[in-house]
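Please open the structure in your viewer and keep the selection tool at hand.

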Amino acid sequence: MCGIVGYVGDEQAAPILLTGLSKLEYRGYDSAGIAVRNEATDKIAIVKAKGRLKTLIEKTDGGSAVPGTCGIGHTRWATHGEPSETNAHPHCTDDKSVVLVHNGIIENYQELKAKLFRSGYTFYSQTDTEVAVKLVDYYYKKTGTPLEAISRAMLRIRGSYAFGVIFKDYPGKLFAARKDSPLIIGKSENGSLIASDVPAILDQTRRVYYIGNLEIAELSRDEIHFYNIDREEIEKDVVEIQWDAAAAEKGGYEHFMLKEIHEQPKAVQDTIGAYVKEGHIDFSETGLTDEKLASLKRIYIIACGSAYHVGMVGKYVIESMAKIPVEVDVASEFRYRDPILVEDSMVVIISQSGETADSLAALRLAKDRNVPVLSVVNVVGSSIARESDYTLYTYAGPEISVATTKAYSTQLIAMYLLAIQSAFVQGKLEEGNVTRLLAEMETLPDKISRVLDDKERIQWFASKYANAHDIFFIGRGIDYAISMEGSLKMKEISYIHSEAYAAGELKHGTISLVEDGTLVIGVMTQKDLFEKTLSNMVEVKSRGAYLMGLTSYGNYSIEDTADFSVYVPKTEKYFTTSLAIVPLQLMGYYVSVAKGLDVDKPRNLAKSVTVE
């Protein structure tokens with residue numbers, strides 16, 4: 001849940017580290033720090049600050065106060081120890097002979113700490129990372145070589161980690177290692193870099209290497225060497241990043257979230273275009289064959305957060321179109337419930353980052369049980385992508401705001417495509433219907449743009465409810481799945497208590513929470529369920545609720561019941577989520593802005609959950 005960067009080369013390291021950390025602050029913003037080796041004094045300076053990165057930038061005068069051409073940096077999302085300058089990274093040995101930054105969780109750190117206590121080590125922080133750096137130092141004193149010290153420490157550590165390490169005795173060298181936490185290695189014309197995510201180094205290079213699990217990298221100005229856990233050198237292929245660096249900037253928008261909401265038409269179009277060729281779905285890029293889809297008797301969709309809500313939509317669409325039973329699980333529950341996985345089934349993992357810890361663990365469980373895995377991910381070369389049997393990349397581009405928008409929308413397209421092709425190869429959908437559905441899908445980008453044109457009305461309404469204490473979202477079928485995502489958007493960035501309920505469940509207890517003035521948002525895009533949900537809205541209105549209705553153009557009778565109505569263009573019933581979610585994204589965004597909150601970096605949250 002943290003972000004790490006590192007640089008060794010010809011240029012001053014601190015400004016590069018701070019710029020990189022600014023691109024990673026979505027991963028954590030409780031505290032930040034850098035460590036830079038000053039070649040003139042042969043000393044390593046460590047500067048840390050509690051709070052947002054701007055405090056560290058001011059403390060180091062934009063990096064100019066910390067000279068040197070080799071360093072590491074970290075922005076923290078606290079797991080072990082409260083947010084404080086003491087607990088902030090980098091961490092070091094007492095003599096600063098070894099300095100380390102870490103993203104992940106060391107599960108057996110108490111056990112290792114006790115061992116190091118017995119060996120004479122003392123500890124100044126509450127973190128598991130200080131244990132890691134002193135464990136590396138313990139083995140460094142025994143072996144005398146950084147490579148062996150790191151590899152032996154890795155063998156003792158249980159948990160997840162991405163390390164960046166510098167040794168005082170090895171000037172001009174930077175070491176990195178990983179297990180289950182994301183880490184990339186970059187090579188520029190004037191040096192070498194490490195980072196937790198691509199945007200952190202896009203301004204320096206597009207040439208990156210993906211370091212695998214239990215691997216180590218040794219970086220210098222001119223060379224990068226990779227080793228396995230046995231310290232045997234291994235070869236890596238360089239990957240050219242296709243993202244434009246400008247895609248990771250705000251581009252004139254007030255917040256990344258608003259920019260990414262407006263990028264949804266293009267992201268959706270790019271994802272459709274990647275897999276729909278001349279009126280047919282082409283999954284050859286994913287490795288998934290028609291024969292495999294034709295053999296499926298059950299699908300398990302596993303995800304977390306917004307990706308789980310995509311999975312819920314996927315269940316409705318796949319079961320309705322292809323008549324294949326679908327189970328949807330929260331990844332953190334799936335991995336611990338001893339799931340029963342039947343023959344001729346497939347697991348689908350949905351993850352924007354491709355590094356979500358619980359989803360990665362679920363993937364490995366499925367592989368252990370010989371069930372093939374299709375991953376739907378946005379980050380090329382991510383852990384989930386590399387370990388899957390089939391990979392369906394979405395084309396959202398870099399998503400910086402913690403609250404997902406465009407990645408969610410591209411994941412929906414992946415579910416639609418999977419449903420259509422599965423239905424076709426299993427004989428549940430005729431070719432003419434496939435053509436019709438694909439033609440309608442290709443109208444979605446334009447229709448999303450039309451929804452965005454109505455944003456001023458939504459902004460006006462959001463400003464009226466910025467001080468709400470409770471907001472409830474209700475719907476049935478796909479509309480319930482839409483409500484779940486709308487509710488999550490509201491609570492995660494506005495801090496308003498918000499819940500989504502299946503509309504038919506209101507009378508089973510939930511309606512007791514409704515009182516005068518409570519905002520209830522009813523989602524009614526499904527023609528067959530419109531009247532049912534409308535009757536539920538009448539029920540809550542009679543208890544004093546203030547109603548917002550979200551439906552398709554033509555359903556104007558809603559205005560007899562709702563106090564405020566939002567309409568989206570008509571589309572195929574399976575695709576309504578792609579349109580109906582946009583007003584709810586805007587609603588959450590504008591409520592947060594009206595409250596003066598940090599939309600892109602909501603409290604206590606991080607973009608990529610790479611720890612349990």
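Is glutamate 327 buried, partly exposed or exposed? Select this residue: glutamate 327 has a relative accessible area of 27%, and it is partly exposed because that class lies between buried (under 20% relative accessible area) and exposed (over 50%), with a 1.4 Å probe and protein chains only. Please note that the model is predicted, so that local features need pLDDT of at least 70 and side-chain atom pairs count only at pLDDT 80 or more, whereas totals for chains, interfaces and linings use all residues. Residues are numbered from 1 along each chain as its sequence is written, and side-chain values use heavy atoms, without hydrogens and water.

**First stop: salt bridges**

Glutamate 327 belongs to strand E19 (residues 326-330) and arginine 298 to strand E18 (residues 298-303), and the two residues are 29 apart in the chain. Helices (H or I, at least four residues) and strands (E, at least two) are DSSP runs numbered from the N terminus. Arginine 298 is also partly exposed, at 25% relative accessibility.

Next, select aspartate 329 and arginine 337, whose side chains form a salt bridge of 2.7 Å, N to O. Aspartate 329 is buried at 11%, while arginine 337 is partly exposed at 38%.

Now turn to arginine 436 and glutamate 572, where the closest N and O atoms of the salt bridge are 3.0 Å apart. Arginine 436 lies in helix H14 (residues 431-441) and glutamate 572 in the loop between strand E27 (564-568) and helix H19 (576-594), so this pair ties together parts that are 136 residues apart in sequence. Arginine 436 is partly exposed, with 44% relative accessible area, and glutamate 572 is buried, with 15%.

Select Lys179, Asp180, Arg364 and Glu387 together to see a network of salt bridges. The whole structure holds 35 salt bridges.

**Second stop: a helix and its cover**

Select helix H5 (residues 146-156), whose buried residues include Leu147, Ile150 and Met154. Among the elements that cover the buried residues of H5 are helix H4 (128-143) and strand E7 (159-167).

Display helix H9 (residues 305-322) with helix H17 (residues 478-494). Residues in the contact (heavy atoms within 4.5 Å) include Tyr308 and Met312 of H9 and Met484 and Leu488 of H17.

**Last stop: a sheet**

Finally, select the open sheet of five strands, ordered E24-E23-E25-E26-E27 with parallel pairing; two strands pair if DSSP finds at least two bridges between them. Strand E24 (497-502) and E27 stand at the edges with a single partner strand each, so one side of each has no neighbour in the sheet. Strand E23 (residues 470-475) is joined to E24 by six bridges, and isoleucine 474 has tyrosine 501 in E24 as its bridge partner.

Terms used:
A salt bridge is a side-chain nitrogen of Lys or Arg within 4 Å of a carboxyl oxygen of Asp or Glu.
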